[in-house]
Amino acid sequence: MAQSTETTDWVSRFADEVIAESERRAPGAKTSVATAPVAPVVVVASGLSPSGPIHLGNLREVMTPHLVADEIRRRGHRVRHLISWDDYDRYRKVPAGIAGVDESWAEHIGKPLTSVPAPKGSPYPNWAEHFKAATVDSLAEMGVEFDGISQTAQYTSGVYREQILHAMKHRRDIDAILDQYRTKKAPAKKSQKPVDEAELEAAEGSGAAAEDDGGSGSAGYFPYKPYCGNCEKDLTTVTAYDDDSTELTYACTACGFSETVRLSEFNRGKLVWKVDWPMRWAYEGVIFEPSGVDHTSPGSSFQVGGQIVGIFGGQQPIGPMYAFVGISGMAKMSSSKGGVPTPADALRIMEPQLLRWLYARRRPNQSFKIAFDQEIQRLYDEWDRLDAKVADGSALPADVAAHARAVGTAAAGELPRTPRPLPYRTLASVADITAGHEDQALRILGELDPANPIASLDQARPRYDKAEAWINTHVPADQRTVVRQEPDAELLKSLDEPSRQSLRLLLEGLADHWSLDGLTHHVYGVPKVQAGFPADATPKELPPEIKTAQRTFFALLYHLLVGRDTGPRLPTLLLAVGQERVRTLLGE
């Protein structure tokens, strides 16, 4: 199917390349019994290591191929998105800030992730399953369909036995390729940014974290590492191997254990990472798999894998490099406690459509930020404006495409959405002011638009729940809004006549403007009227002093209502406080 230029974006361009590459690799597509052409299944892949919380940087490893796979599926092609769970990787370190984990977990360093106990209190059987579960749930909420492959299951069931034997047979060829890069100087590491501007690199969430190419000892180079039959750790060295019998002898430097096994029957070990990855490209027939910026350096696993894959009779996939994902507001996060935010953290405060859009609208090589601070309100405003432009047909083609990819998928259709998507900043203000009282929240929301009042909080869900979660978990206590119980008699008594007049003008028109739009017009209009201008005068018709007068007036209202210079948007705040209480606090 030809791609329309009307929807061309980065996803479409990669889909074009992937489909063309798939057809190039499978010329003269297979035929069925009826001799009808059978299109090849296009395979795209992601790799994630459940060595700890799988964070929002790792999510780009999934979303990039997901979006491309979804576009390919929209065009009527068969496509398979693999997520390879690198759960047979070694346990490298004890992550900081994990509930139910203490220093005793260090004794498991070197074991497969599936052999490490889950954190205390976890319902899951091991470390890997514990961290996989949260990601699987988040991907389901985001509408990401995939085929998950456990590398523990693949290796321990002997699925890769022929590939392992083949790698051992060609170990000298592999060693020669790797040796081209071993003397090259590694690139300087990026300097770390402050936690509030953290960049989430994907390497820690994929097998790439190891960058392991095996080792050479007195017996030569071997691209395979057994896990010890005694202590289960990979601190082993192969000391002998016979190609004909496949007899392999190894010794463990951790516990001193040694044994001889037949590799043609032995399933407790794995290929080193720089060989494992290209082996899987060939085994699965992967056409498209992105990689992080760490794979662009000389000797990186993606670059080296492009040469090693030929040993297994395969080809390197199309592999765009993707940039870091930044986080704003991370230092305020109560849920991370020393860690980094995960998809589940993001989905607690934003709808899946918004999170999908953040990944869809930027090319993979463009970095972007996910907001956990006040910036989330601006992001939601931007999303709602795009939603409106798409609805009225005024959005640009690339924006229309990104929007379509955010709101649904080819397989599942549109994701569930909020029936009445009220502004996020308004919902956050209401949740802040009402502090969990749903009846009060419904009263305020019902008064936002008297002509079309909201009848149930369910109409504003799940967006309301996301905004409430953001207020409760990411807004510091000293920034929460607490409405005064009693009027500030001292401040009211000290006001000069112009200030008193501004309050009178506000109160006189309060009832007639009791809606979100009405109060917005009225609050901004009071300083205009007081200066002798019409309430609906535009900024171009007003002198600069009016803006100063408005700021002074707003500050006065905030002090009288909440005892601070600033707060939620005044129209929302007034609705939340209610007419009777507003009149009391403003001294009527």
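Mentor: Helices (H or I, at least four residues) and strands (E, at least two) are DSSP runs, numbered from the N terminus. This is a predicted model, in which local features need pLDDT of at least 70 and side-chain atom pairs count only at pLDDT 80 or more, while totals for chains, interfaces and linings use all residues. Residues are numbered from 1 along each chain as its sequence is written, and side-chain values use heavy atoms, with hydrogens and water left out.

The part I have picked begins with Gln-459, in the loop between H14 and H15. With a relative accessibility of 25%, Gln-459 is partly exposed, where buried means under 20% relative accessible area, exposed over 50%, and partly exposed in between (1.4 Å probe, protein chains only). Leaving aside residues up to four places away in sequence, Gln-459 touches Thr-418, Pro-419, Arg-420 and Ile-454; contact here means heavy atoms within 4.5 Å. Pro-421 is 38 residues from Gln-459 along the chain, yet their C-alpha atoms are separated by 8.2 Å.

Further along, Pro-462 lies in the loop between helix H14 (438-448) and H15. The peptide bond leading from Arg-461 to Pro-462 is cis, and its omega is near 10 degrees. Ala-435 sits in the loop between H13 and H14. It has a positive phi of about 50 degrees, although it is not a glycine. As a rule, most residues other than glycine have a negative phi, and most peptide bonds are trans. Because its relative accessible area is 55%, Ala-435 is exposed.

Next come the helices themselves. Two packed helices are described by the angle between their axes and the distance between the axes. Helix H13 (residues 424-434) and helix H15 (residues 463-474) have axes that come within 8 Å and cross at roughly 60 degrees. That angle makes H13 oblique to H15. For these angles, axes are lines fitted to C-alpha atoms, for helices over the stretch in contact, and angles run from 0 to 180 degrees between N-to-C directions. Under 35 degrees counts as roughly parallel, over 145 as roughly antiparallel, 65 to 115 as roughly perpendicular, and the rest as oblique.

On the H13 side, the contact is made by Tyr-424, Leu-427, Ala-428, Val-430, Ala-431, Asp-432 and Thr-434. H15 contributes Arg-463, Tyr-464, Lys-466, Ala-467, Glu-468, Trp-470 and Ile-471. By class, the contact of H13 with H15 has nine nonpolar, one polar and four charged residues. Ala, Val, Leu, Ile, Met, Phe, Trp, Tyr, Cys and Pro count as nonpolar, Asp, Glu, Lys and Arg as charged, and the others, Gly among them, as polar.

Trp-273, Lys-274, Val-275, Trp-277, Pro-278 and Trp-281 of H7 meet Ser-301, Phe-302, Gly-305, Gly-306 and Ile-308 of H8. Sorted by class, the contact of H7 with H8 has seven nonpolar, three polar and one charged residues.

In H6, Arg-171, Ile-174, Ile-177 and Leu-178 are buried. These four lie on the same side of H6 because they cover an arc of only 125 degrees around the axis, the arc being that of the directions from the helix axis to the C-beta atoms. The buried residues of H6 pack against helix H5 (161-169), strand S6 (220-222), strand S8 (236-241), helix H7 (273-284) and helix H8 (301-308).

Glu-232 is located between strand S7 (224-226) and S8, and its phi is near 75 degrees, a positive value in a residue other than glycine. With a relative accessible area of 34%, Glu-232 is partly exposed.

Of its 588 residues, 51% count as buried.
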